[in-house]
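This briefing covers one protein model, grouped by topic. Please look through the sequence and the structure first.

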Amino acid sequence: MRPPGVHHAEVLPVANASPTVMAKSKRNAVAAPVAPTPQPTPTPTPTSSTPSKRPATSTFVAPPFPIQHYISRVAMQTGGILFTLIQAANSCSPVKIATPSAAISVLVEEPVSVLLVSIAGLGFVQAWFGNWARNTRRTEMGLDKKKEVEAGEVKPKVGFWGAWKVMSNDALKGKAPHRNFGKKGAKPVFDLDFSFLGPASLVTLAAAGVLHIFAVLLGAPLFSRIPETFLLSMLVAILAIGPIAVAVGPTERYVWLRLFSAASPANDLELALLAPAIGTLLGCWAGAIPIPLDWDRPWQSWPTTSVVGCVLGHIAGSAVALVWCLIRSINSPTTVEGERVKSQ
């Protein structure tokens, strides 16, 4: 009797069996079932419902260079530089100064005092311009927008009347800005960032020391008139290096190498920072040319002509950068598109 589940029994050949019996056994035998070959599992193609593991790409639209703001900033910066120099000479003179020649005469008589006051005033002017360049650069790179998105502080644009309505509703609800003053953890109304002042000041001071060494190597007095030479170097560092130190910072060494080694600005903003710096350095060097001439003029004393030369060179470099940026803004499209890959 067959056990349950077994339909046929395989007949095995017996030793010393006849060929007829072996052939009959083979005909009656049933082959054992063969297991099916496993098929490879097909890889699902990424669809809208299947998330892809590739890094997502997002389109970053860089804003155009704010040429209108740059024009006003250059005008205010130039006016601030000239005003500071004239007021510095006026503060060191017993009589009121009315002409630039009178200011130069005071600079000849009291170079240390005039340069000290000028450096103090020009530091504020260049820090203000550098802070604008820093904010513009962060906006072009999308750093501020990325920070706001991560913090969830992006607010829709509501326009003037919409903002007025929001302010009125907050005032009626008692949400006045002054109520946050003095509260622990309250967000300040005016979020001013002065973190750049320390590193930028150190970079400018170090640049002044390097420029002092170069001035001595190029013919400045080594043991005499040391205060005048160092103050001139400090003035050149503030005019040429100060805004770049504020806008770029001391950590981005590749930007510094590209600007001062290859003189290759990557955009209009870097050109607006580099052109005045080159103009200041060239103007300071060219200003020393009349000093050894035998004209016997009072203004040929060190460092009067170099001071005037670096200021005029800075103004000329700003004018060149302004004209170049205007031409590029006219000939270029209004927006520049780029792509950023964000790894997840």
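The lining of the largest cavity is made up of eight nonpolar, three polar and no charged residues. In this count Ala, Val, Leu, Ile, Met, Phe, Trp, Tyr, Cys and Pro are nonpolar, Asp, Glu, Lys and Arg are charged, and the others, Gly among them, are polar. The model is predicted: local features need pLDDT of at least 70, side-chain atom pairs count only at pLDDT 80 or more, and totals for chains, interfaces and linings use all residues. Residues are numbered from 1 along each chain as its sequence is written, and side-chain values use heavy atoms, with hydrogens and water left out.

**Overall build**

- The protein has twelve helices and two strands; helices (H or I, at least four residues) and strands (E, at least two) are DSSP runs, numbered from the N terminus.
- The order of elements from the N terminus is α-β-α-α-α-α-α-α-α-α-α-α-α-β.
- Of its 344 residues, 30% count as buried; buried means under 20% relative accessible area, exposed over 50%, and partly exposed in between, with a 1.4 Å probe and protein chains only.
- Taking contacts (heavy atoms within 4.5 Å) between residues at least 6 apart in sequence, 76% join residues at least 24 apart.

**The cavity**

- Rolling a probe the size of a water molecule over the atoms shows where empty space is left.
- A cavity is a set of points, on a 1 Å grid over the protein atoms alone, where a 1.4 Å probe fits but cannot get out; lining residues have an atom within 4 Å of a point.
- Grid points are joined across faces, edges and corners, and a volume is the space filled by probe spheres set on the points.
- The count is one cavity of 30 Å³ or more, and the largest cavity has a volume of about 50 Å³.
- Its lining consists of Gln77, Gln126, Phe129, Leu239, Ala240, Pro243, Ala272, Leu273, Pro276, Ala277 and His314.
- At least two lining residues come from each of α4 (111–141), α8 (226–240) and α11 (268–287), and α11 gives the largest share, with four residues.
- Gln77, one of the lining residues, lies in α2 and is buried at 2% relative accessibility.
- Beyond its neighbours within four places in sequence, Gln77 is in contact with Val125, Gln126, Trp128, Phe129, His314 and Ser318.

- α4 has 31 residues and reaches 42 Å from its first C-alpha to its last, close to the 45 Å expected; the expected span is 1.5 Å times one less than the number of residues.
- Just after α4, Gly142 has a positive phi of about 75°.
- The end C-alpha atoms of α8 are 21 Å apart, in agreement with the 21 Å that its 15 residues should span.
- Twelve of the 15 residues of α8 are buried, among them Glu228, Met234 and Leu239.
- The cover over the buried residues of α8 includes α2 (67–91), α4, α7 (197–217), α9 (242–247), α11 and α12.
- Ile315 is in α12 (residues 304–331) and is partly exposed, at 24% relative accessibility.
- Leaving aside neighbours within four places in sequence, Ile315 is in contact with Thr78 and Leu82.

**Loops and backbone**

- The peptide bond from Trp302 to Pro303 is cis, with omega near 5°, and Pro303 is in the loop between α11 and α12.
- Asp296 lies in that loop between α11 and α12 as well; its phi is positive, about 55°, although Asp296 is not a glycine.
- Asp296 counts as exposed, at 70% relative accessibility.
- Arg225 also has a positive phi, near 55°, and sits in the loop between α7 and α8, where its relative accessible area of 32% makes it partly exposed.

**Cysteines**

- How many disulfides does the structure hold? It holds zero; a disulfide is a pair of cysteine sulfur atoms within 2.5 Å.
- The closest cysteine sulfur to that of Cys310 is in Cys284, 5.5 Å away, so the two are too far apart for a bond.
- Cys310 is buried, at 0% relative accessibility, whereas Cys92 is partly exposed, at 21%.

Definitions and conventions. 1 Å grid on protein atoms, 1.4 Å probe; cavity = no way out; pocket = protein on both sides within 12 Å on 5 of 7 lines; lining within 4 Å.
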